[in-house]
Amino acid sequence: MNQEASLCRGQMVFRYERTNLLHIAEELRCHILSFLPYNQILRCALTCRTMHTTVKNSVDLQYVIELGAQGLVQVHPSTVSTAECLRILREKANAWSSFKLEVMKTFYFGFLPDSWSIIHRQLGLASHAAEVKFCDCEPDKEDKEYVKSKVIDTTTCISETTSYRPCIWRKNDPAPGVSSLNHYVDETHDLYVSVDILETRPRRNSRFQINIRQLSTGKEHPLASGSQLVTVTREPSKRLSPRTRVYPRALVDVLGDRLALYGQAIITDRYRYWSLHVWNWHEGVQADDICVDGEGHLGFAEIRFLTKEKLLAFTTHDRLELYNVEDLSKAPQLQARFTLPYGISINLYNIQYPPVFHDASSCAHLATPDNHWIWATNPANRVLCLSNQGSGPLIVITARLFFMSIPPSWFDATSEDGLSVPWSSWGPQNCRCFRRSICGAGGSRVVLFADQAHHDDGHPDLVQMLDFNPSAVARGIGKVVREATTYHPHVEEDMPVTTYLPYVEVVSSCILHNHAIGFALDEEQVALVERSDDRVGSRVELIGPHSTSPSSMHDAL
């Protein structure tokens, strides 16, 4: 009896050991593999011929691999088959690899924008201006704020549509002592956020009023839980004279339902005190004491969401500070302070980082025809650009730096709080420095003029596309640049900087105009923003990329 039972158990064990992925139905095998990351699916395909065939013949697995290889996530549900999605995705990859440019559409606008974006074929431009009464000798003049905005669908829009007047609204300040400090514009989501300073006594207790409106109407945004949100900066420990002049300043950034506000008060000797707040603007402002604050000679020049959980602050000197803002019931937590190779020149930098990372809910309002699907670059695969308005370099930083676990050896143990990371530890392998140029950043790519010396009407312009996606570098489609390059600054006191972040370079020529002011790009297309010939309005040219040989696309395996 025991022998038979033992034999049965042995048979059962034997049968169990023989049951593996190779002995089950292929449909079930594909379903199991679909739960793996794309790189592990590729590793499984290399184990044997059966697994290789399974992965190669599965459209669903090929789609997962293609999304992962391009560093994309799908943020809008597709209305057609996975096979068609895969075809379109590979066609777009082929278009970027060839980077063949030509002017496909031109749009004219009656105003000159100071901000622009293109997100999933929605082109948005906005212009913000203010008229300020400087003295009582101008009784007929009032402080006013003007906002012009225009959003078009680049697929369906025609020239007659762009000639329509933009959305314009004017804001008269409700009471004396109120002045506008900063604003945030998201044209594609019809969102405008302005920050006002309310004069108080004593003036060192600065109060900021946040107004959340619709761009199209100027009225309170329907998702806002009250547009009058007030926060107060902390009173400094430094004793101030009642006559001390205080200059308030504010920075604001929005991502989805998160709003970040940095408020500071600068004293005449450049000493300042400040506080940083993050809350859900759909639910209303949180308590004023849920913030991180400080004082001294160091402040912020700009703040930018990387994701809803991570916020990057650019200081007025030479640092990038990374904050964890995942838990809104707690104050933002400083995780690391990255030192830049150049000092106070950060004041002259323009930060280029796509302000919106869409998810399925935020893309729901976008029209999605049958031949168009929406993907977005994974936040960790994006790049961030610091473009200098003066003679400084263009610095491209991979966002992977801010999502990785920072090695303990990188931190400077001698720093005050032990959170400083010197440039020598993080910079060279995570950055590239280039000569300053008109440029634009979107996803993992940067587009810029290769040679501005010959930038003139009637002559082809060389336009560079730099792709910093590690998978693009591994595939090697285009010129792969791995060797280190050294940037030599114009200022003699600054040291040369050597960087070696790998990237793929593709150069294309296109006849453009000589009034370019910037590029806008997303995962699908590139737009060049220019001044119009009369220098009053603007012209936007869609210049590609486009694919002329979809058949040249290759399989992932």
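Colleague: What should I know about the model before we start?
Modeller: It's predicted, so to speak, with local features needing pLDDT of at least 70 and side-chain atom pairs counting only at pLDDT 80 or more, while totals for chains, interfaces and linings use all residues. Residues are numbered from 1 along each chain as its sequence is written, and side-chain values use heavy atoms, with hydrogens and water left out.

Colleague: OK, how many helices and strands does the chain have?
Modeller: Nine helices and 34 strands, taken as DSSP runs numbered from the N terminus (helices H or I, at least four residues; strands E, at least two).

Colleague: And what share of the residues is buried?
Modeller: 50% of the 557, where buried means under 20% relative accessible area with a 1.4 Å probe, counting protein chains only.

Colleague: Switching to H5, is that helix mostly covered or mostly open?
Modeller: Mostly covered: H5 runs over residues 59-69, and eight of its 11 residues are buried. Among them are Tyr 63, Glu 66 and Gly 68.

Colleague: What comes just after H5?
Modeller: Gly 71, with a positive phi of about 70°.

Colleague: Now H6, why does its span agree with what you'd expect?
Modeller: Because its 17 residues (82-98) should span 24 Å at 1.5 Å a residue, and the end C-alpha atoms are 24 Å apart. The expected span is 1.5 Å times one less than the number of residues.

Colleague: Which residues of H6 are buried?
Modeller: The list includes Cys 85, Arg 90, Lys 92 and Trp 96. Just after H6, Phe 99 takes a positive phi of about 50°.
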